[in-house]
Amino acid sequence: AQNGFTGSKNYYIKVAPTQGFILEHRSTIGHLVKGYITGIGLDYVKPTYGNKKWHKENNMPEVGLSFNFIDFANPKQLGYCLGLSPFIDIPLNKLQKRSRLYMRITWGASYLTKHFDINSNHKNIAIGSGLNTYVQWKWFWHVNLNKQLRLEPGFSFAHASNGRAAVPNLGLNVVSLNLGLTFKLKNEVVENVKLDTTEVWGTKHEILIWDAVGFNEHEPPNGPKYIANTFGVNYYYNRSNKHKFGFGFDVSYDTQNEYHLETSGNPSNGWTDLLQLGPKLCYAYNIGRVSLPIEMGYYAISKPKEDGPIFHRIGIRYFCENGIMFNFTLKSHWAVASHFDYGIGYRFKLKKKQVNEN
């Protein structure tokens, strides 16, 4: 790192009323939709100011913490959603002007006041637990009104579910229009800021080895809990600091497969029958040390057939400077969640050749 950078530490508060609808991704949840949803978002926003490489690589994004309240227009069966999540707002063009398009990526936690209960709420087949994840993608414009105020019209897609930790778990998807008003609270000029010139990725080629554990439940609700373990090996080619592409394989051991085999009339003869092995294609979008993976694989070896031959993984990974990686991802079979993966891994640098910034 080196000195000499002069930056501005701005802080904002954003208020964003929303209105939209529940997206009926399954016809079986139609009875839960009673009307248009309303809500409000309250954000604490902190712009980046260029003292790290990933700031400039992502067109000087903004980061912060968002609280979201959603009224599902069905207080008896769906109730309300309270979501809290960190976010990053990425400008989709490099040119700074009065009106600018942004994309928000959010992943956090939510509490839904109503969920499935066999006695009091058996018709809520969308949400099986009070605590859920909260994911949001948002596209909106910054329209600067003056030096202190900013208007932010846009639209968003939000999803809440528990990753099949409890069933039912069809999840709730919300599409909404948003109209935000942002207030600048502070504009502090900072002298002699340390420029962080540390190379986060630093190689064209790498190997990631990781292991993760997950928990899930099978129908009917309140049934037995199952445990799954996945060992993965990924090769990545770092096209740039932001994008990497690769391939790999997963070896999964899921005790729920014993149930699948038993009910299909082909019971297992031992623990090896519960193993699944599959090659996969990998992509990740990097934001500094945070990586957002997308993986798609095929079960080359799998005695259970219920979930089909294709598996997927999305989520978030954080890479420490010493190579250790922390993993929180969702494994699914197309749109059907299997479980969350909680794990740890290690990144091996194969060739110390710096990658491009773009």
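Guide: Let's start with a lining: around the largest cavity there are 8 nonpolar, 8 polar and 3 charged residues. Here Ala, Val, Leu, Ile, Met, Phe, Trp, Tyr, Cys and Pro count as nonpolar, Asp, Glu, Lys and Arg as charged, and the others, Gly among them, as polar. Keep in mind that this is a predicted model, where local features need pLDDT of at least 70 and side-chain atom pairs count only at pLDDT 80 or more, while totals for chains, interfaces and linings use all residues. Residues are numbered from 1 along each chain as its sequence is written, and side-chain values use heavy atoms, with hydrogens and water left out.

Visitor: What makes something a cavity and not a pocket?
Guide: On a 1 Å grid over the protein atoms alone, a cavity is a set of points where a 1.4 Å probe fits but cannot get out, whereas a pocket is an open set with protein on both sides within 12 Å along at least five of seven lines. Lining residues have an atom within 4 Å of a point. Searching the whole structure gives 4 cavities of 30 Å³ or more.

Visitor: What is the volume of the largest cavity, and which residues lie nearest its centre?
Guide: Its volume is about 140 Å³, taken as the space filled by probe spheres set on grid points joined across faces, edges and corners. Thr18, Asn68, Tyr134, Gln136 and Asn178 lie nearest the centre, out of 19 lining residues. Strands β1, β2 (37-47), β3 (62-71), β6, β7 and β8 each supply at least two residues of that lining; strands (E, at least two residues) and helices (H or I, at least four) are DSSP runs, numbered from the N terminus.

Visitor: And which element gives the largest share to the second largest cavity?
Guide: That's α2, with 3 residues. This cavity has about 80 Å³, and its lining includes Asp254, His260, Lys331 and His333. By class it comes to 1 nonpolar, 8 polar and 3 charged residues.

Visitor: What about the second largest pocket: which residues are closest to its centre?
Guide: The pocket has a volume of about 520 Å³. Of its 21 lining residues, Tyr12, Glu62, Gln96, Tyr102 and Arg150 are the closest to the centre. β1 gives the most, 3 residues, and the classes split into 6 nonpolar, 9 polar and 6 charged.

Visitor: Why is threonine 106 called buried?
Guide: Buried means under 20% relative accessible area, exposed over 50%, partly exposed in between (1.4 Å probe, protein chains only). Threonine 106 has 2% relative accessibility, so it counts as buried. It sits in strand β5 and, leaving aside residues up to four places away in sequence, touches Ser85, Pro86, Phe87, Tyr134, Val135 and Gln136; contact means heavy atoms within 4.5 Å.

Visitor: How do you know that β4 and β5 pair?
Guide: Two strands pair if DSSP finds at least two bridges between them. β4 (residues 80-91) and β5 have 9 bridges and run antiparallel, so by that rule they are paired.

Visitor: How do you know that the chain's radius of gyration agrees with a compact globule?
Guide: The radius is taken over C-alpha atoms, and the globule rule is 2.2 Å times the number of residues to the power 0.38. For 358 residues that rule gives a value near 21 Å, and the chain has 22 Å, so the two agree.
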